[in-house]
Amino acid sequence: MSETEVTRQGQRGIRPGSQAIPGSSKGRRWGKHRRAEQPMVPRAEFTSYYGKPVINAPVWAAPDIAGYLFLGGLAGASSLLGAGAQLTGRPSLARAAKAGAAGAGGLSLAALVHDLGRPARFLNMLRVVKVSSPMSIGSWLLSGYVPAAGVAAASALTGKVSRLGAAATVGAALLGPAVAAYTGVLISDTAVPAWHDGYREMPFVFAGSAATAAAGLGLLAAPPDQNAPARNLGLFGACLELAASHRMMSRIGMVAEPYHQGRSGAYMKAGEALTVLGAAGSLASGRNRVAGAISGAALLAASAATRWGIFHAGLASADDPKYTVIPQRERLRRRSPASGESS
């Protein structure tokens, strides 16, 4: 190295015999001994623009849409329970379930229309059938289900047009499971992290919650000697809901935090406790009318609390940008070794 070059390196703060390394605080020696690189820039931490949400939170109102989620599940499962009660010769349970299905279905549709602002917006959704859109399919399901449930209930309560009522009962029972579970698919089809990430289990959570609601209504309204199908449905629904919910929380990791915190956490804890209480009480109630009614009320309240909890958990996860960005980074990190990229 020439004397001029040595002088220039000394002016730049580089010792002769070493080479500068961009992004590090020290150079490294040529030869046997090398110094470890020391990054001068700290690892980037997650931030968002002034802490603002990354996605737009849903503008849905809790009384309308949370009520729509609960009432739709109650209606769909009640139609299935009413058809089963009619087939097994339990007229009181059949009447109660059919009336509950018609009332809940009508209120569910009214809540949806109220949230949309005017009925014309709901009718506009019936202009086409879009198989890839849960909202489009759900609108058509409700349009067919609500009239069928209404005719079935009217026939059961008045004792008239029995053949038409029987046909409507079958139609409502066939559509009932889809009506009870499709709202789980609907909210999972959004960008809301707590809803979208649970897309695998959410329909099963909703189906189980719907079954407990219908069972609760049956236990409240039917005499003890006819409510055996309601007790069985309540036990099935409680097991399905709790198992699917636990599986979902375990799988989605940190995105499940809103289900355990704040208002949504309180709703979810209440729903779980009431579900266990109602299912256990329905098994132990036997022919005790008061115990059956208490268990039925607990199951109804449990279903409502679960739907409200899921609704508010979604809003909370949309407001906090970390539930959107951090899981995306984790997914990219897991995929990068397989694609040959550095993590």
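**Figure 1. Salt bridge between Arg333 and Glu330 in the predicted model.** In this predicted model, the side chains of Arg333 and Glu330 form a salt bridge with an N to O distance of 3.0 Å. Both residues belong to helix α12 (residues 322–335); being 3 residues apart, they are separated by about one helical turn. Arg333 has a relative accessible area of 43% and is partly exposed. Glu330 is partly exposed as well, with a relative accessible area of 33%.

**Figure 2. The salt-bridge network of Glu201, Arg247 and Arg251.** Salt bridges that share partners join Glu201, Arg247 and Arg251 into one network. The structure holds 4 salt bridges. Between Arg247 and Glu201 the N to O distance is 3.7 Å. This pair links distant parts of the chain, 46 residues apart, with Arg247 in helix α9 and Glu201 in the loop between α7 and α8. The salt bridge of Glu201 with Arg251 has an N to O distance of 2.9 Å. Because Glu201 lies in the loop between α7 and α8 and Arg251 in helix α9, this pair ties together parts that are 50 residues apart in sequence. Glu201 is buried, at a relative accessible area of 7%. Arg247 counts as partly exposed at 49% relative accessibility, and Arg251 counts as partly exposed at 26%.

**Figure 3. Helix α10 and its cover.** Helix α10 covers residues 262–285. At 1.5 Å a residue, its 24 residues should span 34 Å, and the end C-alpha atoms are 34 Å apart, so the two values agree. The buried residues of α10 are Ser264, Gly265, Met268, Gly271, Thr275, Gly278, Ala279, Ser282 and Ser285. The cover over these buried residues includes α8 (202–221), α9 (228–252) and α11 (289–319). Gly286 follows α10 and has a positive phi, near 60°.

**Figure 4. Pro258 in the loop between α9 and α10.** Pro258 lies in the loop between α9 and α10. At 4% relative accessibility, Pro258 counts as buried, the cut-off being under 20%. Not counting residues up to four places away in sequence, Pro258 touches Ser264, Gly265, Ala313, Ala316, Ser317 and Tyr323. Pro258 and Met268 are 10 residues apart along the chain, and their C-alpha atoms are separated by 9.9 Å.

**Figure 5. The largest nonpolar core and a separate one.** In soluble globular proteins, nonpolar side chains tend to be buried together. The largest nonpolar core here has 52 residues, and those with the most contacts inside it are Tyr68, Tyr145, Trp195, Met202, Tyr259 and Ile310. Two or more residues each are given to this core by α2 (62–87), α3 (91–116), α5, α6 (162–188), α7 (193–196), α8, α9 and α11. The largest share, 9 residues, comes from α2. Ile310 touches Ile187, Trp195, Met202, Val205, Phe206, Tyr259 and Met268, not counting residues up to four places away in sequence.

Figure 6. Val129, Val131, Ile137 and Trp140 make a nonpolar surface patch of about 390 Å². Trp140 lies in helix α5 (residues 134–158). At 37% relative accessibility, Trp140 counts as partly exposed.

Note on methods. Residues numbered from 1 in each chain as written. Predicted model: local features only at pLDDT ≥ 70, side-chain atom pairs only at ≥ 80, totals over all residues. Heavy atoms only, no water. Helix = DSSP H or I, 4+ residues; strand = E, 2+ residues; numbered from the N terminus. Expected span 1.5 Å × (residues − 1). Buried < 20%, exposed > 50% of the residue type's maximum accessible area, 1.4 Å probe, protein only. Contact = heavy atoms within 4.5 Å. Patch = residues over 30% accessible without salt bridge, like charges linked within 9 Å, V, L, I, M, F, W, Y side chains within 5 Å. Areas by Shrake-Rupley, 256 points an atom, 1.4 Å probe, with all protein chains shown as cover. Core = buried A, V, L, I, M, F, W, Y, C linked by side-chain atoms within 4.5 Å.
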